[in-house]
Amino acid sequence: MITFEAHLAEKLKNPEFRKAYEEESRLLKLGLTIMEAREQHGMTQKELAQKSRVTQQQLSKIENGVNCNLLTFIRVSSALGLDLTVST
(Lines give C-alpha, C1' and ligand atoms only; values in the text may rest on other atoms or scores of the structure.)
Protein backbone atom coordinates (compact mmCIF):
# COMPACT_ATOMS: atom_id res chain seq x y z
CA MET A 1 0.00 0.00 0.00
CA ILE A 2 1.35 3.44 -0.96
CA THR A 3 1.62 6.08 1.74
CA PHE A 4 0.19 9.55 1.38
CA GLU A 5 3.69 11.04 1.38
CA ALA A 6 4.83 8.75 -1.42
CA HIS A 7 1.70 9.47 -3.45
CA LEU A 8 2.14 13.22 -2.96
CA ALA A 9 5.81 13.05 -3.92
CA GLU A 10 4.85 11.29 -7.13
CA LYS A 11 2.12 13.81 -7.95
CA LEU A 12 4.47 16.75 -7.26
CA LYS A 13 6.64 15.62 -10.16
CA ASN A 14 3.94 17.00 -12.45
CA PRO A 15 4.66 20.76 -12.90
CA GLU A 16 0.97 21.70 -13.24
CA PHE A 17 0.03 19.77 -10.10
CA ARG A 18 2.99 21.25 -8.21
CA LYS A 19 1.97 24.80 -9.13
CA ALA A 20 -1.65 24.26 -8.04
CA TYR A 21 -0.51 22.52 -4.83
CA GLU A 22 1.83 25.40 -3.93
CA GLU A 23 -0.87 28.02 -4.61
CA GLU A 24 -3.36 26.21 -2.39
CA SER A 25 -0.70 25.74 0.27
CA ARG A 26 -0.03 29.50 0.34
CA LEU A 27 -3.73 30.25 0.75
CA LEU A 28 -4.02 27.78 3.59
CA LYS A 29 -0.94 29.18 5.36
CA LEU A 30 -2.31 32.71 5.07
CA GLY A 31 -5.64 31.56 6.46
CA LEU A 32 -3.96 29.85 9.40
CA THR A 33 -1.89 32.96 10.11
CA ILE A 34 -5.04 35.09 10.19
CA MET A 35 -6.85 32.59 12.42
CA GLU A 36 -3.92 32.44 14.86
CA ALA A 37 -3.69 36.24 15.00
CA ARG A 38 -7.45 36.50 15.59
CA GLU A 39 -7.23 34.00 18.44
CA GLN A 40 -4.22 35.84 19.95
CA HIS A 41 -6.35 39.00 19.95
CA GLY A 42 -9.09 37.04 21.76
CA MET A 43 -11.60 37.74 18.99
CA THR A 44 -14.34 35.59 17.55
CA GLN A 45 -14.84 35.34 13.81
CA LYS A 46 -17.94 37.48 14.16
CA GLU A 47 -16.05 40.22 16.03
CA LEU A 48 -13.20 40.31 13.53
CA ALA A 49 -15.61 40.25 10.60
CA GLN A 50 -17.45 43.27 11.99
CA LYS A 51 -14.21 45.14 12.64
CA SER A 52 -12.98 44.26 9.13
CA ARG A 53 -16.27 45.18 7.43
CA VAL A 54 -16.59 41.71 5.87
CA THR A 55 -19.10 38.96 6.54
CA GLN A 56 -18.37 36.17 8.99
CA GLN A 57 -18.75 33.78 6.07
CA GLN A 58 -15.99 35.60 4.13
CA LEU A 59 -13.72 35.42 7.16
CA SER A 60 -14.44 31.72 7.61
CA LYS A 61 -13.49 31.11 3.99
CA ILE A 62 -10.19 32.93 4.47
CA GLU A 63 -9.37 30.92 7.58
CA ASN A 64 -10.15 27.70 5.69
CA GLY A 65 -7.90 28.57 2.76
CA VAL A 66 -10.66 29.37 0.29
CA ASN A 67 -9.74 31.95 -2.30
CA CYS A 68 -11.17 35.44 -1.86
CA ASN A 69 -10.42 38.87 -3.22
CA LEU A 70 -7.44 40.96 -2.19
CA LEU A 71 -9.55 43.71 -0.60
CA THR A 72 -10.97 41.19 1.86
CA PHE A 73 -7.45 40.04 2.83
CA ILE A 74 -6.38 43.68 3.26
CA ARG A 75 -9.38 44.54 5.46
CA VAL A 76 -8.93 41.52 7.72
CA SER A 77 -5.15 41.94 7.97
CA SER A 78 -5.50 45.64 8.78
CA ALA A 79 -8.07 44.91 11.49
CA LEU A 80 -5.53 42.56 13.10
CA GLY A 81 -2.60 44.95 12.68
CA LEU A 82 -0.92 42.61 10.18
CA ASP A 83 0.94 43.73 7.06
CA LEU A 84 0.46 41.95 3.75
CA THR A 85 3.66 41.85 1.74
CA VAL A 86 3.94 40.85 -1.89
CA SER A 87 7.34 39.75 -3.07
CA THR A 88 8.91 38.20 -6.12
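This is a predicted model: local features need pLDDT of at least 70, side-chain atom pairs count only at pLDDT 80 or more; totals for chains, interfaces and linings use all residues.
Residues are numbered from 1 along each chain as its sequence is written, and side-chain values use heavy atoms, leaving out hydrogens and water.

What does F17 pair with? Its partner is Y21, in a stacked aromatic pair with 6.2 Å centre to centre and 20° between the planes. Rings of Phe, Tyr and Trp (its six-membered ring) pair if their centres lie within 6.5 Å, and planes under 30 degrees apart count as stacked, over 60 as edge-to-face and the rest as tilted. Both F17 and Y21 belong to helix α2 (residues 15–40), four residues apart, about one turn of the helix. Helices here are DSSP runs of H or I with at least four residues, numbered from the N terminus. Y21 is partly exposed too, with a relative accessible area of 36%.

Now turn to S52, which has its place in helix α3 (residues 45–52). Is S52 buried or exposed? S52 is buried, with a relative accessible area of 1%. Apart from neighbours within four places in sequence, S52 is in contact (heavy atoms within 4.5 Å) with R75, V76 and A79.

Our last stop is L70, in helix α5 (residues 70–80). L70 is exposed, with a relative accessible area of 57%.

How values were computed
Helices (H or I, at least four residues) and strands (E, at least two) are DSSP runs, numbered from the N terminus. Buried means under 20% relative accessible area, exposed over 50%, partly exposed in between (1.4 Å probe, protein chains only).
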